[in-house]
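Me: I would like to go through a model together. Please take a look at it first.

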Amino acid sequence: MEEQSAISSRDLAIGFRSAGRRRASLTVADHIDINLRRGEVVCLLGPNGSGKSTLIRTLAGLHAPLDGNIYLSGEHITDLSVKEISRRVSTVLTDRLTIGNISVYDLVAFGRSPYTGWFGSLSPEDEERVAWAIESAGIAHLRERDVLHLSDGERQKVMIARSLAQDTSAILLDEPTAHLDLPNRVATIRLLRALAHETGKAVLLSTHELDLALKAADTLWLLNQKGRITAGTPEDLVLDGTFEAVFEQAGFDFDRSTGSVRLHEPSRGPVFLSGDPTGTFWTRRALERSGYRVNESEKGDIRIEIAVNQRICGFSWIIQCRGDAYSHSSVRELLVELSRLDEAKDAP
Ligand SMILES: Nc1ncnc2c1ncn2[C@@H]1O[C@H](COP(=O)(O)OP(=O)(O)OP(=O)(O)O)[C@@H](O)[C@H]1O
């Protein structure tokens with residue numbers, strides 16, 4: 001529904017204009033018709049250089065489009081003043097901070113400038129919003145620190161807090177989790193999802209973390225190397241093969257059955273696993289790393305049953321191979337046994 005649209009584009013072309021006559025302008029992507037709706041988290045994925053940052057900057061009004069139209073809450077971006085744009089869209093970009101001698105609190109408070117003016121004083125409501133943004137981003141302990149002396153991850157969270165303080169209907173973030181450790185990545189994604197789903201904001205974030213995007217996004221925008229965007233629900237794009245196609249290049253092997261990237265070409269097996277789901281999951285990982293093809297069907301010489309062993313508060317693995325059974329109590333033992341069985345099979 002158009003009234004739910006925070007940002008949309010029609011026949012948009014993005015790229016870089018030449019500075020002089022001798023250089024041609026670079027079209028990064030064109031014919032872009034997207035709709036970023038309130039209340040949803042969209043992850044923008046694409047190979048290096050496909051144009052994710054350029055798209056984010058263009059949609060935020062920070063970079064001029066080559067052609068086409070951008071609408072913020074239904075209004076053409078060129079009909080809006082800079083202040084009106086900054087009340088509708090906030091950004092968290094990858095640029096390094098060039099200002100120093102300013103505290104985290106003051107930088108986050110700058111997020112209120114579309115409402116107060118650069119030198120305007122904060123109202124009690126503004127202060128409340130800044131305090132909420134600092135608390136939500138988990139940076140209360142950094143309030144008085146100089147922004148120049150923050151770690152990359154801390155700075156990233158401060159920029160997210162500033163964007164929250166800006167209180168816009170759309171939040172656009174370029175690789176917001178790049179410098180964050182796993183707990184902070186999870187916290188940031190949870191926060192962004194809560195903002196979208198509970199307060200109706202539209203969230204667009206670019207990332208190279210395929211797994212995170214597949215789990216976090218309500219909608220994926222896949223930008224391929226030819227500048228084409230395909231939008232859809234993550235699972236639909238995996239099942240119809242679009243997801244793999246976008247990253248198609250030698251050595252990239254996405255396993256649709258597990259939703260993860262395969263690092264190793266299987267050369268042994270197949271092995272059939274059954275039993276406890278947690279044990280099966282981790283056993284599969286170890287087997288695939290060791291070059292085994294793990295099979296869904298019961299066909300094959302080797303079958304492994306994984307059970308929870310109450311007596312030792314752990315797991316046990318029973319290998320059934322050519323009429324014999326072998327019992328083991330660790331993945332390491334299991335791998336050694338499988339190697340031995342492999343060698344025995346190949347022996348003359
Ligand atoms: N200032 C510029 N002038 C000319 N071309 C540029 C400029 N900045 C980026 N490009 C080119 O535009 C294309 C898109 O770049 P962009 O940074 O948007 O890609 P990206 O998908 O964000 O890449 P990455 O995943 O590596 O961060 C690339 O080919 C890049 O070389």
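**Strands, ligand shell and helices**

Me: What should I know about the model and its numbering?
Reply: It is a predicted model, in which local features need pLDDT of at least 70 and side-chain atom pairs count only at pLDDT 80 or more, while totals for chains, interfaces and linings use all residues. Residues are numbered from 1 along each chain as its sequence is written.

Me: Which strand is joined to S7 by bridges?
Reply: Strand S8 (residues 170-174) is joined to S7 by 4 bridges, and the two run parallel. Two strands pair if DSSP finds at least two bridges between them. Thr91 has Leu172 as its bridge partner in S8.

Me: And where is Asp95?
Reply: Asp95 is in the loop between S7 and helix H3 (104-110). Asp95 is exposed because it has 10 other C-beta atoms within 10 Å. Its C-alpha atom is separated by 9.6 Å from that of Asp174, although these residues are 79 apart along the chain.

Me: Changing topic: which residues surround the ligand?
Reply: The surrounding residues are Phe16, Leu26, Val28, Gly46, Asn48, Gly49, Ser50, Gly51, Lys52, Ser53 and Thr54. Strand S2 (26-32) and helix H1 (52-59) are the elements that give two or more residues to this shell. A residue counts as near if its C-beta atom, placed from the backbone, lies within 6 Å of the molecule.

Me: Which element gives the largest share?
Reply: H1 does, with 3 residues.

Me: How does the shell divide by class?
Reply: The shell has 3 nonpolar, 7 polar and 1 charged residues. Here Ala, Val, Leu, Ile, Met, Phe, Trp, Tyr, Cys and Pro count as nonpolar, Asp, Glu, Lys and Arg as charged, and the others, Gly among them, as polar.

Me: Now helix H7. Which of its residues are buried?
Reply: Thr188, Ile189, Leu192 and Ala196 are buried in H7. They are on the same side of H7 because they cover an arc of only 95 degrees around the axis, the arc being that of the directions from the helix axis to the C-beta atoms.

Me: What does the face turned away carry?
Reply: That face of H7 carries the exposed residues Pro183, Arg190, Glu198 and Thr199.

Me: Which domains are assigned?
Reply: The assignment gives domain 1 (2-251) and domain 2 (268-346), with bounds that come from an automatic or database domain assignment. Their C-alpha centres lie 45 Å apart.

Me: Last one: how many bridges join S17 to S18?
Reply: Strand S17 (residues 314-321) and strand S18 (residues 324-328) are joined by 5 bridges and run antiparallel. Gln320 stands opposite Ala325 in S18. Their hairpin has 2 residues between the strands, and Arg322 takes a positive phi near 45 degrees there.

Key. Buried ≥ 20, exposed ≤ 12 C-beta atoms within 10 Å, placed from the backbone.
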